[in-house]
Amino acid sequence: MKRTAPRSTLRKIIKKHKPELRLAANADLLVHLNFLLFLHRLAEEARTNAFEKKSKIIKPEHTIAAAKIILKKSRG
Amino acid sequence: ERKTCEPGVPSSLIKNIFRHYVKMPVAREAFRIVEKCSERYFKQLSSDLEAYTRHAGRKTVEMADLEVLMRRQGLVTDKMPLHVLIEHYLPLEYRKLLIPVAVSGNKVIPCK
């Protein structure tokens with residue numbers, strides 16, 4: 001897996017949503033960390049869903065169900 | 001056709017990270033959902049960070065804001081401090097930037 005963070009892209013994304021907001025130095029790395037943790041949670045949840053449905057692969061419905069739960073958990 | 005003006009994390013990167021964590025075959029359509037979900041996540045994250053920063057009367061998102069956010073998300077807990085997550089998930093080069101000196105050492109030398 002590629003380990004480097006798309007640092008400028010992360011800053012751009014936040015700028016797109018909140019143009020007024022500034023990020024302190026290296027705060028984007030914590031944003032990246034948070035994104036990794038978010039994807040990790042999403043992956044775990046999707047996998048659990050797939051297991052429950054006795055599916056050998058992750059299907060869209062598994063990710064949709066996982067997304068609903070994990071986005072809710074990610075609210076600050 | 002992809003719009004170049006819309007910033008977003010490259011889909012290949014999202015795909016790789018997700019695949020790495022899920023450790024199972026993933027249907028192509030499912031990846032698209034993950035991508036959509038990531039966009040939604042960043043939108044949510046931006047407003048949360050704005051709220052935290054504004055609440056503190058600042059215009060700049062500080063590291064502390066992200067730590068509070070991760071605590072609220074249940075990622076950082078008393079048993080799971082932020083620096084452990086950093087050590088676990090981020091490569092060494094970034095770790096060095098975020099934890100200049102080991103937090104869990106006897107000597108803590110404040111350095112920048």
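Predicted model: local features only at pLDDT ≥ 70, side-chain atom pairs only at ≥ 80, totals over all residues.
## Chain A at a glance

Chain A has three helices and one strand.

## Shape and surface

How does the radius of gyration of chain A compare with that of a compact globule of 76 residues? Such a globule would come out near 11 Å, while chain A has 15 Å. You can look at the outline another way too: along its principal axes, the C-alpha trace of chain A spans about 45 × 25 × 15 Å.

In chain A, 53% of the 76 residues count as buried. The chain exposes about 3,900 Å², and carbon and sulfur atoms supply 53% of that area. As for contacts inside chain A between residues at least 6 apart in sequence, 34% of them join residues at least 24 apart.

Rolling a probe the size of a water molecule over the atoms shows where empty space is left. Searching the whole structure turns up one cavity of 30 Å³ or more, and the largest cavity has a volume of about 50 Å³.

Which residues line the largest cavity? From chain A come A:Met1, A:Lys2, A:Arg3, A:Thr4, A:His32 and A:Leu36, and from chain B come B:Leu13, B:Ile17, B:Tyr89 and B:Pro91. Two elements each give two or more residues to this lining: α2 (27–52) of chain A and α1 (11–22) of chain B. Sorted by class, the lining has six nonpolar residues, two polar ones and two charged ones.

Conventions. Residues numbered from 1 in each chain as written. Chains lettered and ligands numbered in written order. Heavy atoms only, no water. 1 Å grid on protein atoms, 1.4 Å probe; cavity = no way out; pocket = protein on both sides within 12 Å on 5 of 7 lines; lining within 4 Å. Points joined across faces, edges and corners; volume = space filled by probe spheres on them. Helix = DSSP H or I, 4+ residues; strand = E, 2+ residues; numbered from the N terminus. Nonpolar A, V, L, I, M, F, W, Y, C, P; charged D, E, K, R; others polar. Rg over C-alpha atoms; globule rule 2.2 N^0.38 Å. Buried < 20%, exposed > 50% of the residue type's maximum accessible area, 1.4 Å probe, protein only. Contact = heavy atoms within 4.5 Å. Areas by Shrake-Rupley, 256 points an atom, 1.4 Å probe, with all protein chains shown as cover.
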